[in-house]
Amino acid sequence: MEAGSAETEQPLEMEVEEEEIAPIYKEPPKIKRLEESVVNRIAAGEVIQRPVSAVKELIENSLDADSTSISVVVKDGGLKLIQVSDDGHGIRYEDLPILCERHTTSKLSNFEDLQTIQSMGFRGEALASMTYVGHMTVTTIMKGQLHGYRATYRDGVMEQEPKPCAAVKGTQIMVENLFYNMIARRKTLQNSADDYPKIVDLLSRFAIHHINVSFSCRKHGAARADVHSVATSSRLDAIRSVYGVSVARNLIKIEAFDDESSSSVFKMEGFISNSNYIGKKITMVLFINNRLVECGALKRAVEIVYSATLPKASKPFIYMSIILPSEHVDVNVHPTKREVSLLHQEIIIEKIQSTVESRLRNSNECRTFQEQTVDASTSSLRATQKDSPKNPTPPSSQTPKSEKVPVHKMVRIDSLDPAGRLHAYLQATPSSQADKSSLASIRSAIRQRRNPRETADLTSVQELVNIIDSNYHSGLLDTIRNCTYIGMADEVFALIQHNTHLYLANVVNLSKELMYQQVLRRFAHFNAIQLSDPAPLADLLMLALKEEDLDAEGEENYDLKEKIAEMNIQLLKQKAEMLQEYFGIHIDTNGNLSRLPVILDQYTPDMDRVPEFVLCLGNDVDWDDEKICFQTIAAALGNFYAMHPPLLPNPSGEGLQFYKRRVSSNCHQAGGSLKDADDAAVESEYDDELLADAENAWAHREWSIQHILFPSMRLFFKPLTSMASNGTFVASLEKLYKIFERC
């Protein structure tokens, strides 16, 4: 029965197969117009492919707005938050309603404008695309406005009227919940590697090209930025700041150009790595007409040159900026503007390739190896050797016991300073006399380069220098030489770190003593600061005398001041030759001050204190005794060049009230209303020019303290013993250090 049933079922199977093979007629699908919201969302997914695409578009908008500072904050790789802030020209209030509509732009008006386009953006799609895949908030303020405006956008439409708000100059665009309505893409990005490294790489590329713009990029909630560049005039300095010293020191400059209009017209300049550079992957940063783009053909051509020229070549680092006539570049060939099309592309690539090959062959004639020297001696051993140079102990007794450092005593030090890391793993051996002499010669060479012909010939000056050298505090010297500058605690005290201690250091006292010591060490060998307009001593002295005696009035008092000023002028004119020869202070025969000495390189004193300095030269200097004379002049220069707080109050604190204008308006006499008077008072609340001068003065002082004062003290300064007790160093706060270290 089973066999029979199998035979009967077989024809049925054949019939089923014949039915499946039979063709089924289907009507073609009907073409229909998509809804605008669907079209916009599809287009948005093409323009904003990942979070880094949104960041690139926003940065290019900031650059088009003539920004000098751009800051990026990212959360969860850009999916939860992208915030880009700039200090550009801002957005007009009347433009806010159409800001995020598709194809609204201020960059061009007709299609022909594309041939001469200079801006980064031009389609008017980026902001609109972001609103279709995320929630956008725009805060902006233009120059001269009393307040800014904040608006929110969704699906290309402003949700409600812009609200007035407090804002800083420029524009801040915040995109939240990116791809919230594109589930598949959001899951793909969440499961893939974080987009944040791509954003950091993007910012790094912009930072080394746009060197006149400051860039920063950090994760949301992080105190430290992963990219932080400041505006600079040197491309190599920008590369060093962003990619590190190991990259910058192994770069060679390249240039290529062609001005033959018959073939191609272009100019290229950049940097390429030499044979010393070692990299795991190729880094190619390419800008064409200031656009960050990619060019696969050029990249392959350069890689071929490196492979053929350098044996076992590592992956190179390449930065190139190519400038072509605008009509030779088609920028509208890629949705994200990542690629451009060039006229005569093959010729341009061939000429750049030959230039790279030529420069590489020339640089391959020699190779440089960086030498590193490890000092195995510990600080305690160095102190022992210094204290007992005449009776050295055997090496075995000098070797310290290896002790495990407690966790709370471990010190985070400057990453650029290798000292204090490797020596803990090495056996300490006493340095040879040859090593000491070599180290002394190196230090001497550094000082001679910084301070040419430092030694004074006069016995009196040498005695003053010997007093400094024999009266310094060894503990404070170690603190100054090995401290890390943290910042200003207030107008006078700076916060510095040494080992596990935090100190408050009086920068006025420190800078005054440093300048005094430098005057004596540079005695008779000063470079000059040339005043743009010679300053009459008579005017300077009268200013100083009036400041000293503000309450005194009357003609008799004025005559007395004139007599004092005249006596000082005659005295300083008599001593002009000595002041010029020994101290670099030039006073001409007409009684004009025209030159001042350079005491620290790259530092200019506060010129508002010149009157006080000139009066001090006339009144406080003992001209009869040579040693006391030189000492008092050096002290006067030290006080003048010291980094005092600026005379204008600090505008960042309560001093801001000083810059408020006093607007008095007699409304009844002028026929105006009380409301008009209020409006006038609001418009002129602060003296903007004076406020800007004050901000610049305070910012310049803080920069000088960090970048000039403390580096100079590490090299040249010997702190006096009295500084340990006279309030120059206020506190040693080890407990505060522990809190600071955890922050």
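## Starting at S460

S460 makes contact with E626, K627 and F630, leaving out anything up to four places away in sequence. This is a predicted model, and in it S460 sits in helix α14, which covers residues 459-470. With a relative accessible area of 7%, S460 is buried.

## The chain as a whole

Stepping back, the protein chain holds 25 helices and 23 strands. Of its 743 residues, 41% are buried. Take the contacts between residues at least 6 apart in sequence: 71% of them link residues at least 24 apart.

In soluble globular proteins, nonpolar side chains tend to be buried together. Here the largest nonpolar core counts 72 residues, and F583, L593, I633 and F710 have the most contacts inside it. Helix α21, residues 626-641, supplies the largest share of this core, with eight residues.

Setting aside residues up to four places away in sequence, its contacts are L531, P534, A535, L537, L540, I585, H586, I587, V610 and V614. There's also a second, separate core of 56 residues, with V55, L96, M182 and V213 among its members.

## α16 against α21

Helix α21 also packs against another helix. The axis of α16 (residues 507-521) comes within 8 Å of the axis of α21, and the two cross at roughly 135°. That angle makes α16 oblique to α21, and the crossing is right-handed.

On the α16 side, the contact is built from K512, M515, Y516, V519 and L520; α21 brings Q631, A634, A635, L637, G638, N639 and Y641. Sorted by type, the residues of this contact come out as eight nonpolar, three polar and one charged.

## α3 against α4

Now for another helix pair. Helix α3 (residues 51-64) and helix α4 (residues 126-133) have axes that come within 10 Å and cross at roughly 145°. This crossing is left-handed.

From α3, the residues involved are A54, E57, L58 and N61, and they meet A126, L127 and M130 of α4. The tally for this contact is five nonpolar, one polar and one charged.

## V138, inside strand β3

V138 belongs to strand β3, residues 135-141. How buried is V138, in terms of relative accessible area? The value is 0%, so V138 counts as buried.

Apart from neighbours within four places in sequence, V138 contacts I91, L99, Y149, R150, A151, Y153, T171, Q172 and I173. V138 and T152 are 14 residues apart in sequence, while their C-alpha atoms are 6.3 Å apart in space.

## Two aspartates with positive phi

Most residues other than glycine have a negative phi. D66 is not a glycine, yet its phi is positive, at about 60°. Where does D66 sit? It is in the loop between α3 and β1 (69-75). D66 is exposed, with 60% relative accessibility.

D155 is another non-glycine residue with a positive phi, in this case about 55°. Its place is the loop that runs between β4 (148-154) and β5 (157-158). At a relative accessible area of 32%, D155 is partly exposed.

Conventions:
Residues numbered from 1 in each chain as written. Predicted model: local features only at pLDDT ≥ 70, side-chain atom pairs only at ≥ 80, totals over all residues. Heavy atoms only, no water. Core = buried A, V, L, I, M, F, W, Y, C linked by side-chain atoms within 4.5 Å. Buried < 20%, exposed > 50% of the residue type's maximum accessible area, 1.4 Å probe, protein only. Helix = DSSP H or I, 4+ residues; strand = E, 2+ residues; numbered from the N terminus. Contact = heavy atoms within 4.5 Å. Axes fitted to C-alpha atoms, helices over the stretch in contact; angles between N-to-C directions. Parallel < 35°, antiparallel > 145°, perpendicular 65-115°, else oblique. Left-handed = near helix turned anticlockwise from the far one by under 90°. Nonpolar A, V, L, I, M, F, W, Y, C, P; charged D, E, K, R; others polar.
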